Amino acid sequence: MPLVEVSLWIDGSPEEVFELASRMEDYPRFMEDVRSVKVIEQGDGYTVTDWVTEVDGKSFCWKERDEFYPTEGKIRYRQIAGDVKRFEGEWYFRCERGGCQAVLTVDFDLGMPMLAPLLHPVLKKKVRENSQAMLAAIKEKVESGSSQKRRY
C-alpha cells in the first residue's frame with residue numbers, strides 16, 4: 001500500500017498551525033484542489049467531514065473521520081466511505097527553533113489489486129504533490145498572519 005509523507009517548516013507556533021489544519025471546512029478557501037469540505041458531524045475531539053477534491057480534472061469524493069489531539073499536536077483521519085478502498089493518515093506538528101515542523105502522512109489503497117502496480121505509482125506522485133500543496137497553503141496562511149482561531 002502506498003504511503004506518502006511530506007513535511008514543511010512553518011514559521012508559526014504549533015498551536016496556530018494545528019488550529020488552521022484542524023479547520024478542514026476552510027480548506028476550499030485557500031487550497032486550489034479542494035472543492036468542498038462539509039462538516040456533517042462534530043463531537044468532543046472529532047469531526048466527520050464530506051470531501052470533494054479535484055486531481056487532473058477528475059473529482060474524488062469521500063467521507064472521513066478526523067480525530068483531534070491538540071495536546072499532542074496530532075490529527076488523525078481515515079476514510080469511512082468513498083472512491084478508494086482505504087485513505088488514512090495523520091498530521092503532526094513538532095515545535096522546533098521558534099517554529100513548527102508540520103508533517104502529513106497519507107496511506108491509501110485503490111482496492112484494485114490487478115491495476116495497483118500501474119496506478120499506485122502515478123497516484124502516489126499525485127498524492128505527494130497534493131500533500132505538499134496543502135502544507136504550502138497552510139504555511140502561506142500562517143506566515144502571512146491571516147489564519148484565524150477555531151470556533152470551539
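Strands E5 (residues 74-82) and E6 (residues 86-96) run antiparallel and are joined by 5 bridges. Strands here are DSSP runs of E with at least two residues, helices are runs of H or I with at least four, and both are numbered from the N terminus. Two strands pair if DSSP finds at least two bridges between them. Within this pairing, Ile75 has Trp91 of E6 as its bridge partner. A hairpin of 3 residues connects E5 to E6. The model is predicted: local features need pLDDT of at least 70, side-chain atom pairs count only at pLDDT 80 or more, and totals for chains, interfaces and linings use all residues. Residues are numbered from 1 along each chain as its sequence is written, and side-chain values use heavy atoms, without hydrogens and water.

E6 also pairs with strand E7 (residues 99-109). These two strands run antiparallel, with 11 bridges. Phe87 has Phe108 of E7 as its bridge partner. The E6-E7 hairpin has 2 residues between its strands, and Arg97 in the turn shows a positive phi of about 45°.

Aromatic rings were examined next. The whole structure holds 7 aromatic pairs. Rings of Phe, Tyr and Trp (its six-membered ring) pair if their centres lie within 6.5 Å; planes under 30 degrees apart are stacked, over 60 edge-to-face, and the rest tilted. Tyr27 and Trp51 form an edge-to-face pair, because their planes stand at 70°, with centres 5.7 Å apart. Tyr27 belongs to helix H2 (residues 27-30) and Trp51 to strand E3 (residues 46-55), so the pair ties together parts 24 residues apart in sequence. Tyr27 is buried, at a relative accessible area of 1%, and Trp51 is buried at 5%. Buried means under 20% relative accessible area, exposed over 50%, and partly exposed in between (1.4 Å probe, protein chains only).

Trp62 and Phe87 make a tilted pair, since their planes lie at 55°, with centres 5.1 Å apart. This pair links Trp62 in strand E4 to Phe87 in strand E6, 25 residues apart. Both Trp62 and Phe87 are buried. One aromatic cluster includes Tyr27, Trp51, Trp62 and Phe87.

Glu64 lies in strand E4 (residues 58-69). The Glu64 side chain makes a polar contact with the side chain of Trp62 at 2.8 Å. A polar contact is a pair of N or O atoms within 3.5 Å; within protein, one must be able to donate a hydrogen and the other to accept it, and residues adjacent in sequence count only if both atoms are side-chain atoms.
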